[in-house]
Amino acid sequence: MISKTCPYIIKRVQWGAAKSKNVTYQLKPVATVIIHHSATEKCTTDTSCKEMVRSIQSFHQTKHTWSDIGYNFLIGAGNVYEGIGWHRTGAHLRGHNDRSIGVAFIGNYNNDRPSIRSLNSLAQLLHCGVDTGELSNDYRLYGAIQLQTTDSPGEWLYLKLQEFNHWQPNV
């Protein structure tokens, strides 16, 4: 069932995803959402975002030898792209993958500020997850930097995440 709060999600077939080498499913509802940035150039059009998502998937599958793209969803130019999607275990943060959803903002948010449109897309995606039973009503929202030594999700995005209702200041 698609909720009225769900954003339009650009599916894997629409961005030209390579086939996953392995699928591991996770139990729902998931209680943790972890936000990342891709630490790449940002994308500004649907075409450049699709190209960037394919590039990220290729990097994850070839350089890291992961079964698929590590993120459940990606946000670029205000649009939501399906990574491995709901139900599947990602490879976005070691030690947390089997009990979290990973969402990456395309770009480097140590340099760039997230757009209001992108932040609204994240809010819609999170509401959608709760409405469809993918996320628990009391899910916890973290920046990756809180759980591991990393720059992700970048300084500017990290500041904005603290304005979200489910933000957790402490682990």
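Hi everyone, let's start with helix α3, where Ser118, Leu119, Ser121, Leu122, Leu125, Leu126, Cys128 and Gly129 are buried. Buried here means under 20% relative accessible area, exposed means over 50%, and partly exposed is in between, with a 1.4 Å probe and protein chains only. Helices (H or I, at least four residues) and strands (E, at least two) are DSSP runs, numbered from the N terminus.

Before going on, a word on the model: it is predicted, so local features need pLDDT of at least 70 and side-chain atom pairs count only at pLDDT 80 or more, while totals for chains, interfaces and linings use all residues. Residues are numbered from 1 along each chain as its sequence is written, and side-chain values use heavy atoms, with hydrogens and water left out.

Back to α3. How far apart are its end C-alpha atoms? They are 22 Å apart, which agrees with the 22 Å that the 16 residues, 116-131, should span at 1.5 Å a residue. That expected span is 1.5 Å times one less than the number of residues. After the helix comes Gly133, with a positive phi near 80°.

The whole structure has two of them. In one, Cys6 is joined to Cys128, S to S 2.0 Å. Cys6 sits in the segment before β1 (9-10) and Cys128 in helix α3, so this pair ties together parts that are 122 residues apart in sequence. The link is right-handed, with 75° about the S-S bond, and both Cys6 and Cys128 are buried.

The other disulfide is formed by Cys43 and Cys49, with sulfur atoms 2.0 Å apart. This link is right-handed as well, at 90° about the S-S bond. Cys43 counts as buried because its relative accessibility is 5%, and Cys49 is buried at 0%. Counting bonded cysteines along the chain, the pattern is 1-4, 2-3.

Now for the largest pocket, which holds about 520 Å³ of space. For the method: on a 1 Å grid over the protein atoms alone, a pocket is an open set of points where a 1.4 Å probe fits, with protein on both sides within 12 Å along at least five of seven lines, and lining residues have an atom within 4 Å of a point. Grid points are joined across faces, edges and corners, and the volume is the space filled by probe spheres set on them.

Tyr71 turns up again in the surroundings of Ser38, which touches Ile56, Tyr71, Phe105, Ile106 and Gly107, leaving aside residues up to four places away in sequence. Touching means contact, with heavy atoms within 4.5 Å. Ser38 is in the loop between β2 and α2 and counts as buried at 15% relative accessibility.

Last, some backbone geometry. Most residues other than glycine have a negative phi, and most peptide bonds are trans. Ala39, in the loop between β2 and α2, has a positive phi of about 55°. Ala77, between β3 (73-76) and β4 (79-82), has one of about 50°. As for cis peptide bonds, one joins Lys28 and Pro29, with omega about 5°, and another joins Ser152 and Pro153, at about 15°.

Key:
Disulfide = S-S within 2.5 Å.
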